[in-house]
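Work through the exercises below with the sequence and the structure at hand. Each task is followed by a solution in steps.

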Amino acid sequence: LIHTDVLELEIKAILHSPYKLIANIPYYITGEIIRKFLESDFQPNSMALLVQKEVAERIVAKDGKESILSISVKVYGEPKYGGTVKRGLFRPIPNVDSAVLIINNISKDFFNDISEQTFFEIVKKGFSQKRKQLKGTLGEIINIEKMEEAIDDATRRPETLTKEEWKKIVKAL
């Protein structure tokens with residue numbers, strides 16, 4: 001057990017693979033914590049995190065709509081909704097329900113044939129105006145015909161693309 005400010009933790013200095021990350025994390029820094037460990041060169045094998053219910057649902061994309069956060073998690077591992085933890089189980093009672101988010105099979109294998117940095121730059125650009133069609137948000141950096149060769153339809157919105165389709169767009173660059 002390590003008791004410290006997680007954002008100041010030097011992962012490679014004190015953790016050695018393989019390890020598992022199990023934590024009840026502060027909800028206001030959920031994305032930062034997940035990103036810190038998934039992007040690290042010393043990734044955990046798996047993670048089990050207590051997070052805000054809505055965040056867990058967004059990551060697993062129960063509604064079929066992806067987000068930058070869900071894509072960012074899915075390129076490194078396999079997220080799974082582990083169950084709801086009702087707000088009444090905590091004292092003091094918070095304003096939201098929680099959920100267990102499980103991320104298994106964590107690795108950087110997705111990036112074997114593309115740049116991690118370029119991938120996230122393109123995804124962030126695509127989601128910069130998420131209500132716009134991809135041809136509008138990415139049209140200035142990738143030829144529409146090349147984009148349509150990659151994903152068939154450049155009029156789609158970013159939330160409809162899978163991690164594999166984002167990868168195809170990056171490769172089309």
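**Aromatic rings and the core**

K167 lies over the face of F110, 4.4 Å from the ring centre; a charge counts as over a ring if NZ of Lys or CZ of Arg is within 6 Å of the ring centre and within 35 degrees of the ring normal. The model is predicted, with local features needing pLDDT of at least 70 and side-chain atom pairs pLDDT 80 or more, while totals for chains, interfaces and linings use all residues. Residues are numbered from 1 along each chain as its sequence is written, and side-chain values use heavy atoms, leaving out hydrogens and water.

**Exercise 1.** Classify the ring pair F110 and F111.

*Solution.* Step one: recall the rule. Rings of Phe, Tyr and Trp (its six-membered ring) pair if their centres lie within 6.5 Å; planes under 30 degrees apart are stacked, over 60 edge-to-face, and the rest tilted. Step two: take the values. Step three: check burial. F110 and F111 are both buried (under 20% relative accessible area, with exposed over 50% and partly exposed in between, using a 1.4 Å probe and protein chains only).

**Exercise 2.** Classify the ring pair Y76 and F120.

*Solution.* Step one: the centres are 6.1 Å apart and the planes are at 20°, so Y76 and F120 are stacked. Step two: both Y76 and F120 are buried.

**Exercise 3.** Which residues do ring pairs link into a cluster?

*Solution.* Step one: a search of the whole structure gives eight aromatic pairs. Step two: ring pairs join Y76, F110, F111, F119 and F120 into a cluster.
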